Each structure stands twice: as C-alpha cells, then as structure tokens.
Amino acid sequence: MTHQVRAVVAKGKGAPVSLETILVPDPGPGEALVQVQACGVCHTDLHYREGGINDDFPFLLGHEAAGVVESVGEGVTDVAPGDFVILNWRAVCGNCRACLRGRPWYCFNTHNAKQKMTLADGTELSPALGIGAFAEKTLVAAGQCTKVDPAVSPAVAGLLGCGVMAGIGAAINTGNVGRGDTVAVIGCGGVGDAAVVGANLAGAARIIAVDIDERKLATARTLGATHTVNSRETDAVEAIRELTGGHGADVVIEAVGRPETYKQAFYARDLAGTVVLVGVPTPDMKLELPLIDVFGRGGSLKSSWYGDCLPSRDFPMLIDLHLQGRLPLDAFVTETIALDDVEKAFERMHGGDVLRSVVVF
Ligand SMILES: NC(=O)c1ccc[n+]([C@@H]2O[C@H](COP(=O)([O-])OP(=O)(O)OC[C@H]3O[C@@H](n4cnc5c(N)ncnc54)[C@H](O)[C@@H]3O)[C@@H](O)[C@H]2O)c1
Ligand SMILES: [Zn+2]
Ligand SMILES: [Zn+2]
C-alpha cells in the first residue's frame, strides 16, 4: 500500500518551500513507517532549501522529529507498531571501520530507508538527513527510530533528534567538558544554547555565551550561561580572555558555521584548549590561519557531527534527565506551528525571533 500524505518540499534553490501531497510506501525489510507527531525547524533545513548542502532537489525537508511507529517491515525486531520514538540520522551499521573499532558514533555507513518517497508524479524525493519529517508519515530505516519514555511531549522530544543533541553532544561528547572547565559558546541559536545546557550539565565552572543578538543572549542566561558577550559591540576574543583570567576558555564551541566565528573560537581558547566546530559551513567558505598558531597554540581542533552522539545511548538518557527536571529541553520550543507555516518559520529563524519553531501534527 502507498500512503498519500501532506509534506513540505523544497523544489529549487532558494525558492520558497511548498506543501505537496507525497507518496510514502509501506515499509520493506529493515524499514519503519512513522506517524510524525512533531518536527522542529532547524537551520540545516534552510541550508538544504538554499542549495547549501547539495543539489539533489526536490528535498523533503524536516528532520528533528518524534512520532509513533505505525508499521514495520520484515526482519525488524527493535521497534514495533505503537512505539514512541525520536528519529535519528545515525542508524549505525555495525560493520564499517568506525563501528568495528568500537566508535559507532562516527559510523561511516549509516542506514536510511531503501525505498524512495516520491511526489505524486513519481519524482523521487531526497529526504533531509535521510529523514524527511515535515510529513504526516515518513519512511525510515528501523535503526533511525530510537524508543524513549512516551511521557515526554513530542515537540520537546523531536528536538533531540538533531539540533539540541548536536549542541549538548558538542559539549559533553566532542568537547569532553568536565567539572570546573571554562567554556565559551559562539552563536546561541538552538544548537549553541543546547551547548550551553550541555556544558552546564557537565559541571562547567564558567559558561560564556557569545552572540550578536541581545535576545539570544538573554535566553542563554536563563539556560545556564554565567556571562554573555555581544560580539556586535565587543571583541569576542578579548572579552572571553578577560573573563578567563587573560588565558581563554578550555573549550570553545562554534555554533554559527562561518570562518570569522571559527577564527574567534580558535583564538579565544586557552593554550592546549579545544575548539569544537558544530556550525555547518557552506562549500564556498575558506579559512586562513597562520600555521605557526595552529602548532603553537596546541590542543585540539575538532568537528562535531551530530554531537558525536549514539542515539541508543544518549536519547533515552537525556529524555529521562528532562523528565526528572534536570534538563530544560522545553525552553527550546519557542512556538508550535502548523505544517503550512514552515516558510514563515524560516523567516522568523532568519530574523532571530525563535530558538525553535516546531510543527505539531
Ligand atoms: N554539526 C551538526 O551536527 C549540526 C546539527 C544541527 C545544526 N547544525 C548547524 O549549527 C548551526 C546553528 O544552528 P541553529 O539551528 O542554532 O541556527 P540559528 O540560526 O538558530 O542560530 C544561529 C545563531 O548564531 C548567531 N550568529 C550569527 N552570526 C553570528 C556572529 N557573527 N557571531 C555570533 N553569533 C552569530 C545568530 O544570532 C543565532 O543566534 C547551523 O550552521 C546549523 O546548520 C549542526
Ligand atoms: Zn558503521
Ligand atoms: Zn537539524
């Protein structure tokens, strides 16, 4: 059987998204069909629409989602119809060189659904991050479904599926923030604020939030930032150094994805400190740094893919912490919207008005 559902599609570079009826096949071997209950609007969706990821239009957007498994294909044993799940874009294969070395959070061969979802005329869709969840139903690999406690609200849970996990993980997994560390986060949107929350959870002594928008800094303060720097008015590197005894922070997390903010992160860390790049640059961006500084400042320069998370390990744990009142994930849901409001939500994101707009079905 093929399911006809409404979905948000980006048809061409830079063009506004449109609401389309798409065709979703029943799950084949290893696949699951999920009734989407909520899906957040992430900056990466906008990158797709702008052609900043690749040119495989049309894209079925949406990838920060939670929902209920409707049916599963042959051989699926880990999830069953009725399970409440967060969708992930790291269904680990178990066989690639990363998995075999015991580092599945780097898995180089993650699974997605094999069958294609299409437009009504049969044109194949490219689902954003192999998910495509601005749709009433979506087809994924069963391993992309991670079961969590259904007591959590779907709008909150879905955010862990991408941006919030990327940010928390950038701090606790990639940056390995520990008790007493000083941390700076450059760019305090959904991802950067989640890094603030992650640094707080890990016991950082000082958390410096940097943004060019006062509203974002105000939110970062409510989420655990101990200091804020408006880098439109103040030199971010100098300010971070001043707040860390003149040395720079132990861990600096870049959550914008631009060469100039990466440079700030590079120079705002202490000697032998760590830079974590979680912001996603576009293919045309270039970085120029004196090689002597790369050597002379030591430490490590890391990228964080999806917060180096392992969904099966991290999602249930973080949802449990949230339900215990120890992780303010609900603060990331600025507004809930309808499926046909995604284009408006992009504008609001662009205007810096929201941490996350979440489509609720
Ligand atoms: N690595 C991953 O796995 C992963 C996952 C999800 C998203 N991302 C990326 O993370 C980045 C942030 O995503 P988001 O959803 O939080 O976006 P967002 O638009 O909500 O937030 C970006 C923030 O950066 C601030 N900013 C912009 N220019 C700045 C500058 N020059 N200096 C300081 N702050 C500046 C903005 O005011 C805003 O608060 C994006 O590049 C997104 O694609 C990465
Ligand atoms: Zn693998
Ligand atoms: Zn995302």
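## Ala272 and strand β15

Ala272 is found in strand β15. In this predicted model, Ala272 has a positive phi of about 65 degrees, although it is not a glycine. Ala272 is exposed, with 10 other C-beta atoms within 10 Å.

Strand β15 (residues 269-277) runs parallel to strand β14 (residues 249-254), and 5 bridges join the two. Within this pairing, Val251 has Thr274 of β15 as its bridge partner.

## The parallel sheet and its helices

Strands β14 and β15 belong to an open sheet of 6 strands with parallel pairing, in the order β13-β12-β11-β14-β15-β16. The edges are formed by β13 (227-230) and β16 (300-303); each has a single partner strand, so one side of each is left without a neighbour in the sheet. On average, and with direction ignored, neighbouring strands of this sheet are turned by 15 degrees against each other.

Helix α6 (residues 214-222) packs on the sheet, where it touches β12 and β13, and its direction makes about 170 degrees with that of β13. Helix α8 (residues 259-267) lies across β11 (182-186), β14 and β15, and runs at about 150 degrees to β15.

## Domain arrangement

The protein chain is divided into domain 1 (2-161 + 328-360) and domain 2 (167-305). Their C-alpha centres lie 28 Å apart. Contact between the domains involves 10 residues of domain 1 and 12 residues of domain 2. On the side of domain 1 that touches domain 2, the residues divide into 4 nonpolar, 5 polar and 1 charged.

The peptide bond from Phe57 to Pro58 is cis, with omega near -5 degrees. Pro58 is found in the loop between α1 and β4 (59-60).

Leu129 is not a glycine, yet it has a positive phi of about 50 degrees. Its place is in the loop between β8 (126-127) and β9 (137-141). Leu129 is buried, with 26 other C-beta atoms within 10 Å, whereas Ala272, which also has a positive phi, is exposed.

How values were computed. Residues are numbered from 1 along each chain as its sequence is written. Chains are lettered from A and ligands numbered from 1 in the order in which they are written. This is a predicted model: local features need pLDDT of at least 70, side-chain atom pairs count only at pLDDT 80 or more; totals for chains, interfaces and linings use all residues. Domain bounds come from an automatic or database domain assignment. Two residues are in contact if their C-beta atoms, placed from the backbone, lie within 7 Å. Ala, Val, Leu, Ile, Met, Phe, Trp, Tyr, Cys and Pro count as nonpolar, Asp, Glu, Lys and Arg as charged, and the others, Gly among them, as polar. Two strands pair if DSSP finds at least two bridges between them. Helices (H or I, at least four residues) and strands (E, at least two) are DSSP runs, numbered from the N terminus. Axes are lines fitted to C-alpha atoms, for helices over the stretch in contact, and angles run from 0 to 180 degrees between N-to-C directions. A residue is buried if 20 or more other C-beta atoms lie within 10 Å of its own, exposed if 12 or fewer, and partly exposed in between; C-beta atoms are placed from the backbone.
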